[in-house]
Structures are given as C-alpha cells and as structure tokens.
Amino acid sequence: MIIVTGASGKLGGAAVRALLETVPAERLGVLARSAEKVADLAAAGVRVHVGDYEDPASLKTAFTGADGLLFVSGSDVTPGVRERQHGNVVRAAAEAGVGHVVYTSAVGADRPGAPGFLADHTVTEELLRDSGLPVTPLRNTFYSDLFVNPAVVAAAVEAGETVAADGGRALNTATIADLARAAAAVVAGGPGAHAGHAYELRGPLWTYDELAASIAAESGRPVTHRRVPLDEAGDLAFLGGLISSGLFAEPSDDLATLLGRPATGIPELVRAALG
C-alpha cells in the first residue's frame with residue numbers, strides 16, 4: 001500500500017493521478033482533511049483516510065500497513081506550526097513501521113541558515129534521518145506555475161513587459177506536474193531503488209529576459225523585461241531576494257533523470273498559457 005498525504009492539494013493530487021497510471025487503485029491510499037475534496041479518488045477505488053497533521057491518531061491509522069508514504073510538506077508556514085505538524089507525521093510513520101518515506105522537501109534544505117520556511121524542511125529532514133526509517137528527500141524547487149501561467153502571461157502581453165527584482169540571476173523552477181510525476185516514480189520505485197538518496201529536483205534554468213522574449217515570440221507582441229532593485233520591489237522583495245541570492249540558479253539533472261525525459265521548460269509553459 002502506498003499512502004499519499006495532502007491529496008486534496010495541487011502537488012499531492014497530481015502525484016496520486018500519476019500513480020494511478022501505473023499502480024492499481026486498491027494499492028493506493030490518501031490522507032485528506034475532507035473526504036468530499038477527494039471524492040473522485042474514492043470513486044476510482046483509492047482508499048481515503050480523513051485526518052490531518054495536527055491529529056497524530058489519524059496519521060498512525062492512515063500509515064499502518066504502508067509500504068510507501070509520500071509525505072507532502074504542510075502549507076502553513078507560521079513559525080513553529082510546520083515543525084510541530086511534521087514531527088507528528090514522522091513519529092506516526094515510525095510507530096506504524098512505514099517501509100519507505102518520500103518527503104517533499106525544498107531546495108536549500110541541506111544548508112544551515114536557510115530562511116524560515118526553508119528551515120522547516122531542514123528540521124524535517126533531520127527528524128526523518130533520526131527516525132531510522134528508509135527515507136528519500138525530494139528537494140523541490142519553486143513551482144514554474146507561479147511564474148508562468150495564463151494570468152501572468154496575459155498581464156505581460158498587455159503591459160509589454162515583465163517586472164521582477166531578479167538581480168539578473170537565473171531560476172531553476174519546475175512545474176507541479178513534473179515534480180508530482182517524479183515523486184510518484186520514487187515512491188512507487190520503493191526503498192531499494194531510492195532510500196538514502198536525496199534528489200535535487202530542478203527544471204531547466206531560465207531568466208526573466210528569456211521569459212519576456214518567449215512571451216514576445218509566442219504572442220507576436222513586443223515584451224521586454226524591466227529589472228527593479230529590491231527596495232522598489234514591494235511585495236515581490238522577499239522572492240526577489242531569494243532569486244538574487246542565487247538559491248534558484250543551481251542546475252541539477254535529477255528531475256529529468258526521474259522523469260525519463262527533459263523537464264518542462266518556459267517556452268512550453270508560455271505556449272500553453274497563450275493557447
């Protein structure tokens with residue numbers, strides 16, 4: 001039995017759909033806060049466990065008998081919350097004797113002094129290592145879907161520009177669909193193939209100048225990139241600071257290797273957004 005947490009979310013839901021392509025539904029279970037939100041999975045024959053990261057008893061019940069657990073990280077980044085919730089998950093997995101835990105961590109989680117929301121992943125990876133369970137961290141980069149989607153591309157075409165405090169640095173973002181497929185491949189592959197490895201899941205490097213050029217080429221409208229300093233970035237300053245630091249400028253082939261094909265690039269996303 002493979003259990004996927006966060007199944008009503010974008011990443012967890014996409015991972016379950018990817019698993020259903022190769023794994024029989026009766027071998028899949030999901031953990032969700034609401035049965036209604038995963039009713040389609042139940043209808044497909046997937047076992048549904050209602051529970052959440054704040055309810056250790058529900059976690060242990062869901063994890064009992066699991067050969068594999070795809071542990072999708074929590075979304076509440078309030079200081080202290082995710083650390084507590086993830087501790088509950090790790091303890092429940094250990095008590096249930098889960099055969100292999102695949103954890104959706106984040107790029108930079110292996111480095112001391114990471115920003116607060118990344119530090120949660122550092123702590124969780126340490127908890128998993130100390131649990132004695134076979135573990136595979138997936139250090140996911142930021143989602144390309146946040147940077148390139150129909151609304152963003154339409155706004156760029158209308159304004160004739162993209163705007164970011166990117167410092168001229170490249171980004172290695174990846175799509176939710178690609179990250180979900182990679183996660184599905186690892187948890188379905190089992191501990192023999194993946195336990196003890198940490199995968200750096202990153203897509204092809206791109207820059208905002210390349211994004212603007214791609215939007216211009218696909219739309220037939222002039223689009224350029226306007227780079228702004230951090231002190232003029234407003235709500236985008238935090239993200240701009242991370243990009244400018246180079247945290248998302250490091251390449252890795254791990255995602256493409258797990259997918260068995262090149263990861264989805266920016267031109268494909270722009271084309272889809274305008275399609």
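This is a predicted model: local features need pLDDT of at least 70, side-chain atom pairs count only at pLDDT 80 or more; totals for chains, interfaces and linings use all residues.
**Helix 3**

Helix 3 spans residues 56-63, and its buried residues are Ser58, Leu59, Ala62 and Phe63. Viewed down the axis of helix 3, these buried residues fall within an arc of 125°, so they line one face of the helix. An α-helix has 3.6 residues a turn, so residues three or four places apart point the same way. On the face of helix 3 turned away from the buried side are the exposed residues Ala57 and Thr61.

Several elements take part in covering the buried residues of helix 3, including those in the table.

| Covering element | Residues |
|---|---|
| Strand 1 | 2-4 |
| Strand 2 | 28-32 |
| Strand 3 | 47-50 |
| Strand 4 | 68-71 |
| Helix 4 | 81-96 |

After helix 3 comes glycine 65, which has a positive phi, near 85°.

**Helix 1 and helix 8**

Two packed helices are described by the angle between their axes and the distance between the axes. For helix 1 (residues 10-19) and helix 8 (residues 176-189), the packing angle is about 55° and the axes lie 8 Å apart. Helix 1 is therefore oblique to helix 8. The two helices, helix 1 and helix 8, have a right-handed crossing.

Helix 1 contributes Lys10, Leu11, Ala14, Ala15, Ala18 and Leu19 to the contact, while helix 8 contributes Ile176, Leu179, Ala180, Arg181, Ala184, Val187 and Ala188. Of the residues in this contact of helix 1 with helix 8, eleven are nonpolar, two are charged and none is polar.

Conventions: Residues are numbered from 1 along each chain as its sequence is written. Side-chain values use heavy atoms; hydrogens and water are left out. Buried means under 20% relative accessible area, exposed over 50%, partly exposed in between (1.4 Å probe, protein chains only). Helices (H or I, at least four residues) and strands (E, at least two) are DSSP runs, numbered from the N terminus. The arc is that of the directions from the helix axis to the C-beta atoms. Contact means heavy atoms within 4.5 Å. Axes are lines fitted to C-alpha atoms, for helices over the stretch in contact, and angles run from 0 to 180 degrees between N-to-C directions. Angles under 35 degrees count as roughly parallel, over 145 as roughly antiparallel, 65 to 115 as roughly perpendicular and the rest as oblique. A crossing is left-handed if the near helix is turned anticlockwise from the far one by less than a right angle, and right-handed if clockwise. Ala, Val, Leu, Ile, Met, Phe, Trp, Tyr, Cys and Pro count as nonpolar, Asp, Glu, Lys and Arg as charged, and the others, Gly among them, as polar.
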